[in-house]
Amino acid sequence: MIPRVLTVAGSDSGGGAGVQADLKTMLALGVHGMSVLTAVTAQNSTGVQGAWELPVEAVRAQYRSVVDDIGVQAVKTGMLASAELVEAVAELISGTDAPAVVDPVGVSKHGDPLLAASALDSVRTKLLPVATVATPNLDEVAQLTGVRVRSEDDLRRAAAAVLEFGPRWVLIKGGHLTGDAVDLLTDGSEEHLLRAPRHDNRHTHGTGCTLASAVACGLARGRTVPEAVAAAKEYVTGAIAAGFALGAGIGPVDHGW
Ligand code: PLP
């Protein structure tokens, strides 16, 4: 049977990030993609013009509909907006027998908040403990742990600080450092440094959503976390290289490369 992957995330009306990027990634990687919407954003290449979260009952109901009938081989979470939604989703995931990729989305590339500051503690204490892999970028790491990463060595300190919250693995995305795009994947004993040449392309909207979804697709196929992450990194590197201009601002990564 085709692997089934569920994204629990927000809608990006511009189609570059969020649920739209997740479903495109799942289609490209040959799994059946499903979505639980947590929030709706009015968004385009220039930023987020508005955001509205869904009621917790609507999120729970979507999740139950999908999991109880269709079943899932992996879950991915993205924008969760509020403490209430973070806690409800953490509880749903902990009752589901499938690996969970948690992208602890905090702020968009344009600086628009996608998570309330009051929800950070719920991410630390409820969501990260149920994650198979957490995939924070450097801004999210700083918000969650206070560790500011400026070098490859700092990546290790940051990873250790995230692992304290209880995810099985952490993938720290060092893409905002200078030089090669270096990510660190570790479970506290094994360490994998993933390097990719930096593409001089500003059209990178949706990068984080795409990477986390690609990891979930690999896990749904029964790959190990290091295998799934290595394949996902390759996929997102191609998608960034093919990112294209749309609108007046930052265009999306391309899933059709
Ligand atoms: N909008 C939504 C709904 C998202 O989930 C995300 C990221 O996870 C973004 C926007 C931000 O995307 P980016 O930082 O790639 O611009």
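Predicted model: local features only at pLDDT ≥ 70, side-chain atom pairs only at ≥ 80, totals over all residues.
Residues are numbered from 1 along each chain as its sequence is written.

**Helices α2 and α3 meet at a crossing of roughly 20°.**
Look for helix α2 at residues 56–69 and helix α3 at residues 83–94, whose axes come within 10 Å. Helices (H or I, at least four residues) and strands (E, at least two) are DSSP runs, numbered from the N terminus. Axes are lines fitted to C-alpha atoms, for helices over the stretch in contact, and angles run from 0 to 180 degrees between N-to-C directions. The angle makes α2 roughly parallel to α3. Angles under 35 degrees count as roughly parallel, over 145 as roughly antiparallel, 65 to 115 as roughly perpendicular and the rest as oblique. On the α2 side, the contact uses V56, V59, R60 and Y63, and on the α3 side E84, L85, A88, V89 and L92. Two residues are in contact if their C-beta atoms, placed from the backbone, lie within 7 Å. Sorted by class, the contact of α2 with α3 has seven nonpolar, no polar and two charged residues. Here Ala, Val, Leu, Ile, Met, Phe, Trp, Tyr, Cys and Pro count as nonpolar, Asp, Glu, Lys and Arg as charged, and the others, Gly among them, as polar. As for the hand, a crossing is left-handed if the near helix is turned anticlockwise from the far one by less than a right angle, and right-handed if clockwise.

**Helices α5 and α6 cross at roughly 55°.**
The axes of α5 (residues 138–145) and α6 (residues 152–163) come within 10 Å, and the two helices are therefore oblique to each other. This time the crossing is left-handed. V141, L144 and T145 of α5 contact A158, A161 and V162 of α6, a group of five nonpolar, one polar and no charged residues. Between α5 and α6 runs a loop that holds R150, which counts as exposed because it has 10 C-beta neighbours inside 10 Å. D139 touches G106 and V107, leaving aside residues up to four places away in sequence.

**Helices α7 and α8 pack at an angle of about 140°.**
The axes of α7 and α8 (residues 225–241) are 8 Å apart, and their crossing is right-handed. Among the contact residues are T207, T210 and L211 of α7 and E227, A228 and V229 of α8. By class, this contact has twelve nonpolar, three polar and one charged residues.

**The largest nonpolar core holds 78 residues.**
A nonpolar core is a set of buried Ala, Val, Leu, Ile, Met, Phe, Trp, Tyr and Cys residues joined through C-beta atoms within 7 Å. A residue is buried if 20 or more other C-beta atoms, placed from the backbone, lie within 10 Å of its own, exposed if 12 or fewer, and partly exposed in between. V5, V89, V101, L127, V215 and A216 touch the most other members. Helix α7 (residues 207–220) gives the most to this core, with nine residues. In soluble globular proteins, nonpolar side chains tend to be buried together. Center on V101 and you will meet, among its contacts beyond four places in sequence, A74, T132, A212 and V215.

**Helix α1 is mostly covered.**
How many residues of α1 (residues 18–28) are buried? Ten of its eleven are, including V19, L23 and M26. The buried residues of α1 pack against β1 (4–12), β2 (32–44), β4 and α7. Just after α1, G30 takes a positive phi of about 75°.

**A81 has a positive phi of about 65° although it is not a glycine.**
A81 sits in the loop between β4 (74–77) and α3, and it counts as buried because 22 C-beta neighbours lie inside 10 Å.
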